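Thanks for coming. I will take one chain and walk through it, and you can follow along on the screen.

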Amino acid sequence: ILAEPNNQWVHFDRSLALRKLGKFDEGIEDLTKEMENNPHYKVFEERAISYRKKERYEEALLDAEKAIKIAPAGTKWLHKLKGQICSALGKQEDALESYNKELAVSDDMDSFLARADIYQSVGDHVRAARYYLEAITLGGEDISLYKKRGTCLRALGNDQEALESFDKAMLLEPSDELRSLRKELHRSLGDDSANEMDSDLYSEE
């Protein structure tokens, strides 16, 4: 800072280094100083992130909203950040609104996943299953996504599709939990013979 007194981003740059070291309070002080001469949306965004890390969610929300207000239209990540903060505050409707706005400017897997998790938490398994599928499509094969989607489909009574989702999870990472779930679904579908075949097919070597 002493070497570059005219660099308006110097406090911002140091705050990034401090955050990587886990020194969030010192980073927040630098960002607050940066705002005096450089009230750029990135500065508010970064301070919102640091406040969120410190679980100072109300302050984080204020900074996230300020960043959104002054950022260029279509800027990615900011609505996702606000959604994460709102979710931490228990403001699930506001969180969903923010994730919807994020998905309007980017196909973000994490935003689909977060939205699916919220819908699942309130018992809306139809929408949750839909958005888990979107996350799977964008993010590739992930055992947790297949398990979550399978759980939603099972809650909806769609045992066949639930079984298919658990099948894919099982192929990625066999486990006793998945074996048990699949046995129950085979039984529900009246497919006892498939239950025995399943044991041989997915047995760990």
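**Walking through the chain**

I start with D13, which sits in helix α1, residues 10-20. Keep in mind that this is a predicted model. D13 is partly exposed, and its relative accessible area is 42%.

Now the overall picture. Written out along the sequence, the pattern reads α-α-α-α-α-α-α-α-α-α-α-α. The chain has 205 residues, and 41% of them count as buried. Looking at contacts with a separation of 6 or more, 43% are between residues 24 or more positions apart.

Next, the helix pairs. I have three of them, in sequence order.

The pair to begin with is α4, residues 57-70, and α5, residues 78-88; their axes come within 9 Å and cross at roughly 155°. Angles over 145 degrees count as roughly antiparallel, and α4 and α5 are therefore roughly antiparallel to each other. Their crossing is left-handed. On the α4 side the contact uses Y57, A60, L61, A64, E65, A67 and I68, and on the α5 side L78, H79, L81, K82, I85, C86 and A88. Sorted by class, the contact of α4 with α5 comes to 11 nonpolar, one polar and two charged residues.

Moving along, α7 covers residues 109-121, and its axis comes within 8 Å of that of α8, with a crossing of roughly 160°. So α7 and α8 are also roughly antiparallel to each other. This crossing, of α7 and α8, is left-handed. From α7 the contact takes M109, F112, L113, R115, A116, D117, Y119 and Q120; from α8 it takes H125, R127, A128, Y131, Y132, E134, A135, L138 and G139. The classes for α7 with α8 are 10 nonpolar, three polar and four charged residues.

Then α8 goes on to a further partner. Helix α8, residues 125-139, packs against helix α9, residues 143-155, at an angle of about 155°, and the axes are 9 Å apart. That angle makes α8 roughly antiparallel to α9. The crossing of α8 and α9 is left-handed. H125, A128, A129, Y132, L133, A135 and I136 of α8 meet L145, Y146, K148, R149, C152, L153 and A155 of α9. The residues in the contact of α8 with α9 split into 11 nonpolar, one polar and two charged.

Which residues touch the most other members of the largest nonpolar core? They are L81, I85, Y132, L145, F166 and L178, out of 38 residues in that core. Apart from it lies another core, this one of nine residues, including L31, Y41, V43 and A67.

L178 deserves a separate look. It is in helix α11, residues 176-188. Is L178 buried or exposed? L178 counts as buried, because its relative accessibility is 0% and the cut-off for buried is under 20%. Leaving out residues up to four places away in sequence, L178 touches I143, K147, F166, A169, M170 and E173. The C-alpha atoms of L178 and D167 are 8.4 Å apart, and 11 residues separate the two along the chain.

Last, two backbone points. Most residues other than glycine have a negative phi. E55 has a positive phi, near 65°. Where is E55 placed? It is in the loop between α3, residues 41-53, and α4. E55 is exposed, at a relative accessible area of 56%.

W77 also has a positive phi, near 85°. Its place is the loop between α4 and α5, and W77 is partly exposed, with a relative accessible area of 27%.

That is what I have. Questions are welcome.

Conventions
Residues are numbered from 1 along each chain as its sequence is written. This is a predicted model: local features need pLDDT of at least 70, side-chain atom pairs count only at pLDDT 80 or more; totals for chains, interfaces and linings use all residues. Side-chain values use heavy atoms; hydrogens and water are left out. A nonpolar core is a set of buried Ala, Val, Leu, Ile, Met, Phe, Trp, Tyr and Cys residues joined through side-chain atoms within 4.5 Å. Buried means under 20% relative accessible area, exposed over 50%, partly exposed in between (1.4 Å probe, protein chains only). Axes are lines fitted to C-alpha atoms, for helices over the stretch in contact, and angles run from 0 to 180 degrees between N-to-C directions. Helices (H or I, at least four residues) and strands (E, at least two) are DSSP runs, numbered from the N terminus. Angles under 35 degrees count as roughly parallel, over 145 as roughly antiparallel, 65 to 115 as roughly perpendicular and the rest as oblique. A crossing is left-handed if the near helix is turned anticlockwise from the far one by less than a right angle, and right-handed if clockwise. Contact means heavy atoms within 4.5 Å. Ala, Val, Leu, Ile, Met, Phe, Trp, Tyr, Cys and Pro count as nonpolar, Asp, Glu, Lys and Arg as charged, and the others, Gly among them, as polar.
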